[in-house]
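Dear colleague,

Please find below the structure that I am handing over to you.

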Number of protein chains: 2
Amino acid sequence: MLLRKLFNPKSVAIVGASTHEGKIGHILVKNLLKYEYPGKIFPINPKANEILGLRTYHSLKEISEAVDLAIIAVKPLEVLESIKICGEKNIEAAIVISAGFKETGAKGARFEQELKTLAKENKVRFLGPNCLGLIDTYSKLNASFAAGMPEQGEIGFFSQSGAMCVAILDWVLGEKIGFSKFISLGNKTDISEIDMLIALGEDENTKVILGYLEGVENGATFIQVAQEVSKKKPIIMIKAGVTSAGARAVSSHTGALAGSESAYQAAFKQSGIIRAKTVNELFNYALAFANQPLPKGPRVAILTNSGGPGIVAADACDQSALQLVRLNSKTAQKLRSFLPPVASIVNPVDIIGDAHFDRYDNALKVLLEASNIDAVIVLLTPTATIEVEETAKVVAKHAQKTKKPILCSFMGQLQVKKGVNYLKKHGVPNYLCPEDAVSALERMWQRQHWLSQPLSTYFPVQADRGRVRYLLEMAKRQGRFHLTETEAKEILMAYGFSFPQTKLARTKEDAVEAAKSMKFPIVLKVVSPNISHKTDVGGVILGLETPQEVEEAFEEIMLKVSEKVPKAAIYGVSVQEMIQEVKETIIGFTRDSQFGPLLMFGLGGIYVEVLKDVSFRIAPIGKREALEMIREIKTYPLLRGIRGEPPADVSALAEGILALNQMALDFPEIVEAEINPFLVKTKGCIAVDARLTIKKE
Amino acid sequence: MLLRKLFNPKSVAIVGASTHEGKIGHILVKNLLKYEYPGKIFPINPKANEILGLRTYHSLKEISEAVDLAIIAVKPLEVLESIKICGEKNIEAAIVISAGFKETGAKGARFEQELKTLAKENKVRFLGPNCLGLIDTYSKLNASFAAGMPEQGEIGFFSQSGAMCVAILDWVLGEKIGFSKFISLGNKTDISEIDMLIALGEDENTKVILGYLEGVENGATFIQVAQEVSKKKPIIMIKAGVTSAGARAVSSHTGALAGSESAYQAAFKQSGIIRAKTVNELFNYALAFANQPLPKGPRVAILTNSGGPGIVAADACDQSALQLVRLNSKTAQKLRSFLPPVASIVNPVDIIGDAHFDRYDNALKVLLEASNIDAVIVLLTPTATIEVEETAKVVAKHAQKTKKPILCSFMGQLQVKKGVNYLKKHGVPNYLCPEDAVSALERMWQRQHWLSQPLSTYFPVQADRGRVRYLLEMAKRQGRFHLTETEAKEILMAYGFSFPQTKLARTKEDAVEAAKSMKFPIVLKVVSPNISHKTDVGGVILGLETPQEVEEAFEEIMLKVSEKVPKAAIYGVSVQEMIQEVKETIIGFTRDSQFGPLLMFGLGGIYVEVLKDVSFRIAPIGKREALEMIREIKTYPLLRGIRGEPPADVSALAEGILALNQMALDFPEIVEAEINPFLVKTKGCIAVDARLTIKKE
C-alpha cells in the first residue's frame with residue numbers, strides 16, 4: 001500500500017509549490033506536468049492562486065479530495081506542521097525534499113528527531129528529508145526536482161547521496177540508459193535502503209537493483225532482506241565511506257583487524273550483493289544483468305576480428321573466475337570449414353581483419369552451439385572492410401535466439417557508433433574495452449554460482465548458559481571489563497571448547513609440583529588481568545623438558561614481567577602441557593556498530609599480524625559459511641597440509657567458529673572474544689589462550 | 001637521419017598505389033593528399049598513368065628525383081624486389097604495409113627473414129611489415145591507411161597491434177584527443193619499440209609516450225633505452241599477452257615463480273615505465289601527464305560541491321599512495337571566512353550544493369596557496385544552481401597560474417558537457433569518476449618520486465671465476481646439467497657465499513665421526529644428483545643432539561630415500577652444524593627469454609610456496625635495487641623483527657643478491673641458480689642448500 005502510494009499515487013499535493021521559475025517548489029510542479037503525470041496535482045501555496053495553469057490551494061487542509069502522496073518542500077518547522085496535517089487528512093505517504101535537518105548540525109538533528117516522532121504518531125511514511133525526490137518511469141511520476149527524466153527501463157536505482165543522483169541522472173540521460181525507478185534516499189529518517197530493497201524486489205518493472213550507500217543503520221535486517229531479494233534479482237551496490245577502524249580502542253587482533261570495511265565486505269558476500277567500485281562498474285554490470293541471461297558455467301569463448309583485443313580479453317579472462325575454454329575438435333572442425341586458413345581457431349577465435357558480417361554470423365552460430373561453451377564475448381575493431389551495423393544485427397539476432405549470454409566490445413567511437421546503438425537497442429551490452437566485458441561476465445557467473453548454493457543454515461549450539469551468565473555477572477559486579485584468563489576459559493568451556501591441562505602456580509615450588517603431575521614438555525605463562533600480550537613482556541616460556549627448567553623459567557618470567565610491567569597485578573603462573581598441533585589459528589569476534597557480531601578466522605602468529613590474512617562473517621552463520629571462512633584465507637593450503645604434513649581437522653575448526661557464533665548471539669554484553677592460539681590438530685582442536693571483553697555499562 | 005626521413009620526408013613514393021577506391025594502395029595516396037602532406041608524392045603503379053590527379057610512375061626506378069620514404073603495399077615477393085630497388089636508388093626509409101609474412105606461417109616467416117637480410121644489405125631501415133603505417137601530425141604526414149587523422153597534440157603513440165591502432169584512432173577522433181605521432185609497428189622486423197622510444201624521446205612535439213606491446217625481443221636494450229627516455233618523458237604502456245609460466249620445465253622455486261609476467265613487471269619498474277591495464281587507463285594517465293605539472297609531494301586536497309563524490313574520492317585516496325592532507329588552521333580559517341557555516345572545511349572541502357563559481361574560485365585559491373598541499377582534485381556535480389562553464393573557467397584560470405597539478409571530475413554528461421570541453425581545451429584533464437582522477441594523480445606522484453631517485457649503480461663483485469669455469473666445464477663434460485650440491489656450493493663459495501661446516505658421510509660411522517668434530521645440534525641431509533626436494537622424500541633430519549641420534553638418523557634417511565626414490569644414485573649423507581638464524585630466505589635467478597637474468601628474493605619455506613610472496617629484478621642491479629627487492633615483499637616486517645625478535649642483517653642479504661647478480665652476468669650458461677634456504681642472521685648470512693642448472697648444449 002505504502003509502495004503503491006509512493007510510486008503510483010492517484011493524486012499528489014506539493015506543499016511549498018512556487019510561482020518563481022528556478023525555485024525547487026516550482027520545478028517540482030513543472031516536472032510532474034512535463035513528464036505527463038496522469039493523476040491529480042494539488043499545488044499548495046498560501047499566496048498564489050495558480051501555478052503553471054493549475055489551481056493552487058492555500059493549505060493542505062483546503063483540499064477536499066483524497067491525496068495519496070504529499071511532496072513537501074518548505075522550511076523545517078513548516079515540514080513538521082505539514083506532517084501533522086497529513087496525519088489529519090489521512091495522507092499516508094510523503095516525500096520530504098527540504099534540507100535543514102541533521103546534515104546541518106545539532107539543531108537540525110533535533111528537528112529530524114521530532115519529524116520522525118510526529119510522522120510515526122500520525123502514521124505517515126516518508127522519504128527524505130534532504131533528498132531529490134523520486135522518479136517512476138512506468139507510472140510517469142517525476143516527483144523530484146531533477147533536471148530530466150530517464151527513459152523506461154529495467155533498472156531500479158536508489159542513492160543515499162543526492163549529488164550522486166544528480167550526476168548519474170545527467171550521465172544516463174546522455175547514455176540513454178533506461179530506468180524503472182530512480183530514488184534519492186536523503187537522510188533516511190524513515191524510509192531506508194531496506195524498504196527500497198523490498199519495494200524494488202517486488203516491482204515487476206525492475207530486473208536489476210542498483211544502490212549507492214554510505215552507511216546502513218540496521219545491519220541485521222539489511223542482510224536478511226538483501227539475502228531474500230538477491231535470490232530473485234541481482235543487487236549491485238557501491239559502498240562509499242572511509243573505513244573507521246583504528247579510531248576505537250581495541251584489545252585483541254580481532255578488534256584491530258575488524259574495521260567497518262570488513263563488516264561491509266562480509267555483509268555483501270553473505271547476502272549475494274555484487275559490489276561495484278565505481279559508477280562505471282555499476283552500470284557496466286547493470287547492463288549485462290538487465291539484458292542477458294546468466295551463464296550456466298564459467299566457460300567463455302572469445303570471437304574477434306583482430307589479435308590485439310583478443311589477447312587483451314584472454315588476459316582478463318585469465319585473471320578472472322572465468323575459463324577460456326579449449327574448443328573441442330567438433331567446434332574447431334566446423335569453424336575450419338568456412339574460415340580462411342590464416343584465421344585462428346583456438347580460443348580467442350580470430351576471424352581476422354578482412355571479416356565481413358557473415359563470418360561473424362557463421363562463427364558465432366558454431367560457438368553458441370558448442371556444449372562446452374557457456375558464454376561468448378564478441379570483439380570488433382573497425383577495420384577497413386568491416387560492416388559494423390550488419391555485424392551488430394547478426395549478433396543481436398543470435399542473442400535473441402540463444403540462452404547463453406553474449407557480451408560485446410565493438411571498440412572505437414565514430415565508426416562503431418551506429419552498430420553500438422543497434423546492439424544497445426536490442427539488449428546486447430557493449431563495452432568500451434574487452435576487459436569491461438570480461439569483468440561484467442565474471443559477475444554474472446559469480447551470481448549464477450551464488451544462486452546455485454542454498455543459504456547457510458544456522459543450528460543452535462549446546463552450552464551451559466547459566467554458568468556463563470553467573471561468571472559475567474561476577475565480573476560486572478567487580479567493575480571488570482576484561483575477564484581474567486581463568487574466567488574466559490571457563491566461559492569458553494561452557495561452549496564446548498577444551499583447554500590443555502593447566503594449573504595455576506603462585507610459587508616456583510607449586511610450578512614444579514604441577515609440572516610433575518603432567519606430561520613434559522611444559523609451558524609456563526604469566527597470569528595477570530593487566531597483561532594482554534604475554535609474549536611481548538617475556539611472560540611465556542615454551543618447551544620445558546625437566547623440573548629444573550620449570551623452576552628456572554618461573555623465576556625468569558617473574559623477573560621480566562616485573563621489569564616490563566611493574567604495575568601489573570600478578571596472580572601467578574599457569575603450568576600447561578604443550579600440544580602437538582598441526583597449526584596455530586585464531587578465532588574471535590567483535591561487534592560492528594552497524595552489523596553486530598563480526599566473526600573472524602585466521603592462521604595465528606605472524607599470519608595475522610603481518611599478513612592480515614583473515615576472513616570475516618557476520619553472525620549468525622551456518623557450517624557452510626564457517627567452512628568458507630576457513631577456505632577463504634590465502635594460507636589455507638597450510639591447513640590442507642603441504643610437503644607431507646598431515647591435514648588439519650578443518651571440520652573441528654568450523655565447529656569452533658560456530659560455537660563463538662552462538663556465544664555472540666547468546667550474550668550481547670560480550671563485545672570482544674578471541675581464542676589465540678586456537679590449535680588445530682589432525683583430529684580436533686584445542687584452545688590455549690583466550691580473551692573476553694564485556695561492555696562497559 | 002632515419003627519423004627525419006621516416007617522420008618528415010621531403011618526398012614519398014607509394015609502391016602499389018591503386019586506382020581502385022577502397023583498396024589500401026588507393027587509401028594511402030588519398031590520406032597523403034587529404035591531410036595536406038606538403039612534400040612530393042610519387043604513386044607507383046605499373047599500369048596506371050594517373051591516380052587522384054597525381055602523375056603515376058610505372059616503377060620506383062622511373063623516378064629521377066630523390067625519394068626520402070617509400071611506402072610499400074604490394075605482394076610479399078614484390079616487397080623484396082622493391083627493397084632492392086630502394087637500395088639502388090638510395091631510399092633509406094620504408095614503411096612495409098603489406099601482410100603475408102610471419103603472421104601467416106612458415107612460408108611467410110621465410111619471406112620475412114629474407115626481407116630483413118635484403119634490407120640490411122641494401123641499407124634500408126623499415127617499419128612493418130603487416131602494419132597500418134604511421135602518422136605525424138606536425139609534418140602533416142599520414143602515411144597510413146587509417147580512416148582519419150588525429151588533431152595535433154603532445155601524445156606520441158606506438159602499437160604492436162594494428163587493430164588496437166584502428167580502435168584507438170576511432171576512439172580518439174571522437175574524443176578529440178591530440179597526437180604528435182601515431183605509429184603502427186606491425187611485425188617489428190627492423191624498426192622496433194626501442195627505435196620508437198628513442199624517436200619519441202627526442203621528438204620535441206612529444207610530451208608523453210604511449211605504447212601497446214605484446215612482446216619485447218631485446219629486453220636488455222629495451223630496459224636501458226626506456227630508463228634513459230623515461231628520465232625525460234613519461235612512458236605509459238599496456239603490456240598484453242597471457243603469461244606463459246608453467247609451460248617450461250623448471251627445477252626450482254625461482255624457476256616456477258618467475259613467469260614472463262614477473263619479468264615484465266620488473267622491467268617496467270626498473271625503467272620507470274608506468275603500466276596501464278586498459279586503454280581507458282592509458283589515456284586517463286596520458287591526459288594528466290600531457291597537461292599538468294607533476295606534484296611535488298603526495299598531499300592532496302579535494303574540493304567538491306557535494307558529499308557523496310567527495311567521499312568516493314577520499315576512499316580512493318585512502319587506497320592509493322596519495323595522502324588526504326589535513327588542512328592547517330590558517331587554510332581552514334581562510335576558508336571559514338567566506339564559506340557558509342554548513343560547508344565542511346575538513347578535507348574533502350565541501351562547499352555544498354548551492355555553490356556558485358565564485359565559491360569554487362575563492363576556495364581553490366586558498367587551497368593552492370597552502371604550502372602543505374601538493375595537488376587539488378576538483379569535483380562538481382551538476383546541481384540546480386551550479387554554473388558549469390563559469391566554474392570550468394575559474395578552474396582553468398587557476399591551473400594556468402599555479403605550479404601544482406589540478407585534476408577534475410565534473411560528473412554527469414549533458415549538463416557538464418560544455419564545461420568539460422572548456423577544461424579540456426585549456427589543459428585541465430577531466431574524468432568521468434573521481435576515482436579516475438585520483439588514480440591519474442597517483443601515477444603522477446609515483447613518477448615524481450621515481451624521478452627523484454638516482455638510477456641504481458651496478459658495481460662488479462669479486463669472484464674466483466677460474467674455479468667456477470673449471471667446475472662448470474667438468475659437469476658439462478660429464479653431460480650433467482644439474483650440478484651436485486658439492487659443486488654448487490663450491491661455485492657459490494667462489495662468489496663469497498659461506499656454508500655451514502659440512503662433511504660427506506658414506507656410512508653411519510663416517511657420519512658419527514664427522515658430527516663429533518662439529519658443534520651439536522647437527523643436521524643430516526641426503527646427497528644425490530637425482531633428488532631436488534630432499535625434505536619431500538624424508539632426506540633431511542634436523543636437530544640431532546647426540547652421536548646416537550646421528551647414527552639412527554643416518555639409517556632412517558637411507559631407508560626412506562630408498563623406499564621413495566629407489567632409482568636415485570645416493571652419494572651419501574651430508575653432516576652439518578645447525579645455524580641460529582633470524583629468518584630463512586631464498587634467493588635465486590632464472591633466465592627470461594626476453595629480458596635475461598631474472599633475480600628473485602623471498603622469505604623461505606611456506607612464504608615462497610604458499611604465499612608466493614617474492615620480488616623480482618632483472619640483472620644487472622645495484623645495491624639500492626637489491627634493498628628494494630627485500631623491502632618489497634609483504635613479509636618484510638618479519639625481517640625488521642616483530643614482537644621483540646632481533647632485526648635481520650638486510651644489508652648482508654642485499655650483498656647476497658648482488659653476488660648472484662654478478663654470477664648471472666659472468667656465466668650465461670648457468671640458467672637457474674637458487675640458494676634455499678639462505679639464512680639471514682643478526683649479522684651476516686649463511687647459505688645452506690643450493691641448486692645450479694646449466695644449459696643443455
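Which residues of chain A does UniProt list for "domain: ATP-grasp"? The unreviewed UniProt entry gives residues 489-525 of chain A under that name. Please bear in mind that the model is predicted.

As to the domains, chain A is divided into domain 1 (2-206), domain 2 (293-451), domain 3 (501-577) and domain 4 (583-694). The centres of domain 3 and domain 4 of chain A, taken over C-alpha atoms, are separated by 26 Å.

I turn now to the interface of chain A and chain B. The contact draws 58 residues from chain A and 58 residues from chain B. Between them, the two chains bury about 4800 Å², with 65% of that area on carbon and sulfur atoms. Across this interface the rule finds zero salt bridges, while 10 residue pairs are in polar contact, both residues being at pLDDT 80 or more.

On the side of chain A that touches chain B, the elements giving two or more residues are helix H5 (162-175), helix H11 (307-318), helix H21 (606-609) and helix H23 (636-640) of chain A. H5(A) gives the most, with nine residues. By type, the residues on this side of chain A divide into 28 nonpolar, 18 polar and 12 charged.

With kind regards

How values were computed:
Residues are numbered from 1 along each chain as its sequence is written. Chains are lettered from A and ligands numbered from 1 in the order in which they are written. This is a predicted model: local features need pLDDT of at least 70, side-chain atom pairs count only at pLDDT 80 or more; totals for chains, interfaces and linings use all residues. Side-chain values use heavy atoms; hydrogens and water are left out. Contact means heavy atoms within 4.5 Å. Buried area is the accessible area (1.4 Å probe) that two parts lose on being put together, summed over both. A salt bridge is a side-chain nitrogen of Lys or Arg within 4 Å of a carboxyl oxygen of Asp or Glu. A polar contact is a pair of N or O atoms within 3.5 Å; within protein, one must be able to donate a hydrogen and the other to accept it, and residues adjacent in sequence count only if both atoms are side-chain atoms. Helices (H or I, at least four residues) and strands (E, at least two) are DSSP runs, numbered from the N terminus. Ala, Val, Leu, Ile, Met, Phe, Trp, Tyr, Cys and Pro count as nonpolar, Asp, Glu, Lys and Arg as charged, and the others, Gly among them, as polar. UniProt positions are given in the numbering used here, feature names are shortened, and annotations may be inferred rather than shown by experiment. Domain bounds come from an automatic or database domain assignment.
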